[in-house]
Amino acid sequence: MQAELLTGADHSGRPRHPGLVDGAAGLLALFLLVAAIAPQFLAPGDPLAIHPLAAFQPPNLTHGFGTDESGRDIYTRVVHGTRYSLVIGFAATAIGLGLGVILGTLAGTLGRVVDFTVNRFLEVLFAFPGLLLALLFIVIFGPGVATATIAVGLSTAPGYARIIRAQLITVRSAAFVEAATVLGRTRWQILLRHILPNTLAPLFVLGTLGIGQAIVWAATLSYLGLGAAPPAAEWGAMLSAGRTYITSAWWMSFFPGLFIVLTAVTATVLGRSIDRRMRHL
Amino acid sequence: MSNRAAGSAPAAVSVRNLRVGFGAAEPVVRGVSFSIAPGECLAIVGESGSGKSVTARSMLGLAGANAHVSADRLELDGQSVLDLNDRAWRARRGKDVGLVLQDALVSLDPLRPIGREIADSLRLHTSLGAAARARRVLELLDAVGLPSPELQVRKLAGQLSGGERQRALIAAAIAVNPPLLIADEPTTALDVTVQAQILELLEQITNGGTAVLLISHDLAVVSRIAHRVAVMHEGRLVETGRTEQVLWSPREDPTRRMVAAIPADKPRGTRLTPTDRAGTPDRPGTSTAIPAPIPGTSSVVLEAIGLSKSFRRPDGSRQCAVDDVSFELHRGSTLGIVGESGSGKTTTARLLLALQAPEQGEVRVFGRPWSAAPEKTRRALRASIGAIYQDALGSFDPRWSVADILADALGVRHQRRALQADTRLTSLLDEVGLAASALQRRPLELSGGQRQRVGIARALAGRPDILICDEPVSSLDVSVQAQVLDLLDDVQRERGLSLVFISHDLGVIHHVSDQVAVMRAGHIVERGPASRVFAAPQHPYSAQLFAALPRLSL
Amino acid sequence: MRRTLGRITARLGGAVFVLWAVASVTFGALRLIPGDPAQAVLGGPGSQASPEALAAVNAEYGFGRPVLVQYFAQLGRLATGDLGRSYALNVDVGPLVLSQLGGTLLLAVLSLALAWLLALALATWSTRGGKIASRVGSSLEIVAAALPHFWFATSLIVVFSIWLGVLPPISTGGIAGLVLPVLTLAVPLAGFLGQIMRESLLIALESPFVLSARARGETERGVRWIHALRHASVPAISLSGWAFGSLISGAVVVETIFARPGLGRTLLTAVTLRDVPVVIGVVMIVAVAYILMTLLTDIASHLVDPRLRLT
């Protein structure tokens, strides 16, 4: 889980004004959002339309990203595939975060026995590193977009759970929680007004960082033939199709992959930027 | 430590008109001049931000990456060090001047054995072989008074006690016998008794012929060993002279304020600052009379009876933190609990606040069960006991503003927009000497003293009768400390509060307490009226503790 | 000494527990597959298995018996190292998996080493210069860490094999065939480790003990190598256990793309064919390797920073 230690503060402690990198990331994020919600604005064509005569064209003026083996315009497919990938990324992150919050909260609030049990459970899950848990899930329930999404969510859940549990423990024993007890607050009041808000605060940033990771993993599964299948305009699927033609038509793999990278980088930069801002609030 | 012939050698350091600035901002050091002869100890005293640390670091060329240093004269051991390049500086550092920082736990590399740290200077500045260096390290550790050096050499800083590692740090600084030793707050992180030992060590070093530049915010500490004192204020040395003269007949205002702010030897009720709580000048000291008890009620508001609590150590054995502790707090008075680290005073505070339950004994409030009562019953009483903490910032919810904190303590909702018109909030702020504009701020944006004032305001919001103060001024500058102590005094008198004041700082305890209890290793070794205990301590430990107290009376 | 021994025993006990738990999870996984478990072993619900094959599998796995009996029988088999048999490939799983282990371990170890070197180099270089070097270094790290293995691998193939023709696109054995796969795995990890190292390095360089060292006349190089880097590497060492796991995960993609023999490719083929015994075998071996690696990194962390406890 890359999110684990990426929330490092800006070292000087001073709030930085949005720089070039943040601005670029913001623009990219805007582009991606538009592509996801209303792709026709950015790419008016039909992503599934076949033009066999125009197959395997390298990037040129008519087809900015080239065409694939069935003559479909890659630029159009990449733009229309944004929705697919973003939805999968959001869904997988939501599953992972949701499970992680549940597990982490259970461990942190219900006493030592539950904490021990959940910890052991998490330890076991960590013994299936990275994609392996997802692959195990897929071998049980079969390949497909839905399965792949759930699989990625499950794989990321232990990482989130560990972070949230650690945060909960830190907050629970913080001085301001004791001060609230001294002021006469009940345990419920302290939980609702102090512990939960402070624990869940970093979640937003975690999620943003995690979306990039989730999109990459989902695309990887598609690439390996276990997720979305062609002719779906999902980026990973496009890469999978392009695999066979890598030597003759490199652009079929390059551009979808580029967009995956850009999305992941954008999510990371935005996440860190928000994190920095929140530390100085 | 060699013996230099004092008087014939050049001044160990000579500075004239030193100016240091960072970037385009105002210079931090504005024309500082001094010199130190071999075998002499000069102390530069000032508050944080006065520029004293930057001055000290400039003697080593380590003022900072983007520091602009200029002077008419800057000489170490007779040779100018102005405009030296990096390489030339590196040859001087360690050899012509040594540096001792505060808190050896972080000033020595925590991952390296202390033997290696000490041998560094030898490696860099001498041509001694490894075996010769090892021998010299043992000699140095012996010279600084570290027992069994052969056993300690391989240890990490974290495995030694506070005093031992500070000695090791000093050994590292004097390894190649520099003519000048700069000690920047060398005793701040230490217990009082250990502090006295380290000061003694520095005195030995001075007597051996080394010139010592001692930087501190604490006049009382430096008065022990400094021959001369220079007071630094806003980048300038406002007064320099022999120690007795500066302390007993200060000429300048900043010096006078610093001397006045020292709490030791000033009985309760004496004002430490010439201003009133908001910082505006002049309000004469008022009576120290303790309010008479209301007839028909006992004057005991808080009572600890035979408290005991122990903890489990990491290796499974039990450690007794508090053992059979008993005391009484009378209405309107202040009970001071003093002890060094590990004495159990923090645990006592937590027991008093019912944050933990005692294993034996109980705490009673207004004669009613407190520690023995269930939390539900206790909660109703909690409003009558307030608390202020050493780490004010940590005691506030990091997401809340000052207005949020106070409104929550008052139990009211507040309007986000018309904050300054909310008299409930502004009157609280007024009472602790803060302007209404503080309401929108977050504690992070406030200074240490302001944060503590907010903490006091929050504690007062519930209209308590008792206030438990756990090291409330320990992390504050002496002058800010004086303001906060005066504020507590004012508030106590106006509201008729009874205070339990816990601290390791003897001077502060001496100033604030009516009754004092001395703690050691979980026991109360002595108890009684402050004036009597301090003047004539009966238990040997108390006597030892008070003897170590740095006082202005030389 | 006794405390350390006690802790190591506790760790080993924990490791055995995790292995048992993983074995149980895989046991459960096999029975979660919709349909007849015997058919799952033979390749999943879609496979056309002959009645004889089904009978043989039933006899071997004993699917008719009570679940608990099956469970302990399975544990017993695993304890003796019998990982079952793959019917799709017609080989015993145990020897198959062990034979593939070497290739993946080689990749993982080399990639980890290279990632460390790159991260160290980047962290030291970017903290030496001014703000620009720092920004550039930070950006490089972010981009590197975000590179998906499959895209990076294909891009490398395009550049080095197709355009420049200096390296083979698929492994033919030998060192040349190792370069691109190791690079693919090492660079993203280096981005991640580099971020961690750089932040710790910056903190270390501004701490009081570095000031003390400088005050003794220590050179900048001495400050870095003797003091700062050791502190900076502590979090990275702690993370290396996790990093090893992520490298094995990445090996699935990399071995597939570069056609290298190894656990990753074996696993992927098995998943695609629904060859459950092989999947279980690979998962078990990976768990063992991961646990061992985590133990090693914990010991290494403790050696470098004795303040850390061995739990």
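How are H14(B) and H16(B) oriented to each other, roughly parallel or roughly perpendicular? The points below take this up, then move to the whole of chain B and to chain C. Keep in mind that this is a predicted model.

1. Start with the helix pair. H14 of chain B covers residues 402-410, and H16 of chain B covers residues 448-461. Their axes come within 8 Å. They cross at roughly 20 degrees. Angles under 35 degrees count as roughly parallel, so H14(B) and H16(B) are roughly parallel to each other. The crossing of H14(B) past H16(B) is right-handed.

2. Now the residues of that contact. H14(B) brings Val402(B), Ile405(B), Leu406(B), Ala409(B) and Leu410(B). H16(B) brings Val454(B), Ala457(B), Arg458(B) and Ala461(B). Eight of the contact residues are nonpolar, one is charged and none is polar.

3. Step back to chain B. It holds 20 helices and 21 strands. Its radius of gyration is 26 Å, close to the 24 Å from the globule rule for 554 residues, so chain B is as compact as a globular protein of that length. The C-alpha trace spans about 80 × 55 × 45 Å along its principal axes.

4. Look inside chain B. Of its 554 residues, 49% count as buried. Take the contacts between residues at least 6 apart in sequence: 68% of them join residues at least 24 apart.

5. Finally, chain C meets chain A. The contact takes 47 residues from chain C and 41 from chain A. On the chain C side, several helices each supply at least two residues, including H1 (2-32) and H12 (276-304). H10(C) gives the most, with eight residues. This side of chain C divides into 35 nonpolar, 10 polar and two charged residues.

Methods. Residues are numbered from 1 along each chain as its sequence is written. Chains are lettered from A and ligands numbered from 1 in the order in which they are written. This is a predicted model: local features need pLDDT of at least 70, side-chain atom pairs count only at pLDDT 80 or more; totals for chains, interfaces and linings use all residues. Axes are lines fitted to C-alpha atoms, for helices over the stretch in contact, and angles run from 0 to 180 degrees between N-to-C directions. Helices (H or I, at least four residues) and strands (E, at least two) are DSSP runs, numbered from the N terminus. Angles under 35 degrees count as roughly parallel, over 145 as roughly antiparallel, 65 to 115 as roughly perpendicular and the rest as oblique. A crossing is left-handed if the near helix is turned anticlockwise from the far one by less than a right angle, and right-handed if clockwise. Two residues are in contact if their C-beta atoms, placed from the backbone, lie within 7 Å. Ala, Val, Leu, Ile, Met, Phe, Trp, Tyr, Cys and Pro count as nonpolar, Asp, Glu, Lys and Arg as charged, and the others, Gly among them, as polar. The radius of gyration is taken over C-alpha atoms; the globule rule is 2.2 Å times the number of residues to the power 0.38. A residue is buried if 20 or more other C-beta atoms lie within 10 Å of its own, exposed if 12 or fewer, and partly exposed in between; C-beta atoms are placed from the backbone.
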